Amino acid sequence: MRIGLMLQDNCLGSAVSSILDILAVAESVRPSVDPSIPPLEVVVAASSRRVRSTAGATFTATRTLRELDDLDVVLIPAPATFTGADTKTALESLQGRAAVRALLAVAPRGPRIAAACTGVFTLAETGLLDGRRVTTTWFLVSTFRERYPTVSVDLNRMVVADGPFLTAGAAFAHIDLALTIVREMSADLARRVARLLLVDDRPSQATYVIYDHLFHEDPIVLAFERHVRQHLEQKFDTSAVAREIGTSRRTLERRTRGTLGLSPLEIVQRLRMERADHLRQTTDLTTDGIAHRVGYSSPETLRALRRRSLRGGAANSAPNGESIGR
């Protein structure tokens, strides 16, 4: 199994290092787990001989971007960008455009192509993901949806497989991506590596999402979020809130789904969980008191949402009869 890391300057150093370490450990223990598993060979490809990471570490490329033909997997770690504007700048840079050309050249030859975090933007820029399902870094999902409207984003999975493509979520989801590649070779080998490196199973990044940090500029969604935060303790009704902010229910639902991939109710539920977590950490309120402060008459409703969130499921329905304004 020959795996190539496609690097760009200002890549996330910890992401590259974690991938290299996981694959190195996998190769080290492979003979003892099952010597019939094909050896792992890792190469680094880039448009320049030396690639500098965010932490100042330097990685040496052993191949150019034109030497990817014999690879089984091409893996794109994240450029270290944390805003939509910086991500777009990186995509439009000379290295960003070179990476896109290299992927388009190698894709017809059929390697597995994997990407994590903002590296998924590079893969999406090729058009190869159009009509497919992916995951990406949660805090730039609005930018991603705006730039690639035909690509479906699933934040309820840490790693998403669709055809020859593997995508993973934010930052340290590179670990999950590398383990998934190992798991496709051998589940036993992946389990051994995970035990040795103390890597826990993390099926979803949804529980890590902080809605204060979802970057978007849709005025209706921003007005909706402000209204909800100011009235979080009140019973929620989609139609009533839509009227309060000067729009229709249908428009509100279309805009929240288009911007964040969530219904108005799902946004309210997640904002309530976010506020509840804050109150749990900063006050002495009981669970009953916290539930009332975030708009629930019963603490069991809050507990049900928390359990669903920890399982990585979307809050598509209202537990215990929560009003959805119908």
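Q: How much accessible surface does the protein have, and what percentage belongs to carbon and sulfur atoms?
A: Keep in mind that this is a predicted model, so these values are computed from it. The accessible surface comes to about 15100 Å². Of that, the share belonging to carbon and sulfur atoms is 50%.

Q: How many helices and strands does the secondary structure come to?
A: Helices and strands are both here, so let's tally each kind, going by DSSP runs. For the protein, the tally is 13 helices and 10 strands.

Q: Which strands are the edge strands of the six-stranded open sheet?
A: Start with the order, which reads β2-β1-β5-β6-β10-β9, with mixed pairing. An edge strand here pairs on one side only. That gives residues 41–45 and 159–162, in other words β2 and β9.

Q: Which strands does helix α1 lie across, and what is its angle to β1?
A: Helix α1 takes up residues 13–33. It lies across β1, β2 and β5. Its angle to β1 is about 170°.

Q: Are α8 and α10 roughly parallel or roughly perpendicular to each other?
A: Helix α8 (residues 219–230) and helix α10 (residues 249–260) pack with their axes 9 Å apart, at an angle of about 100°. Angles of 65 to 115 degrees count as roughly perpendicular. So the two helices are roughly perpendicular.

Q: Which residues in α10 does α8 meet?
A: On the α8 side, the contact uses P219, I220, V221, F224 and E225. By class, the contact has six nonpolar, three polar and two charged residues. The α10 partners are T251, L252, R255, T256, T259 and L260.

Q: Is L198 buried or exposed?
A: L198 is in the loop between α7 and α8. It isn't a glycine, but its phi is positive, near 55°. Over 50% relative accessible area counts as exposed. With 72%, L198 is therefore exposed.

Notes
Residues numbered from 1 in each chain as written. Predicted model: local features only at pLDDT ≥ 70, side-chain atom pairs only at ≥ 80, totals over all residues. Heavy atoms only, no water. Axes fitted to C-alpha atoms, helices over the stretch in contact; angles between N-to-C directions. Helix = DSSP H or I, 4+ residues; strand = E, 2+ residues; numbered from the N terminus. Parallel < 35°, antiparallel > 145°, perpendicular 65-115°, else oblique. Contact = heavy atoms within 4.5 Å. Nonpolar A, V, L, I, M, F, W, Y, C, P; charged D, E, K, R; others polar. Pairing = 2+ DSSP bridges. Areas by Shrake-Rupley, 256 points an atom, 1.4 Å probe, with all protein chains shown as cover. Buried < 20%, exposed > 50% of the residue type's maximum accessible area, 1.4 Å probe, protein only.
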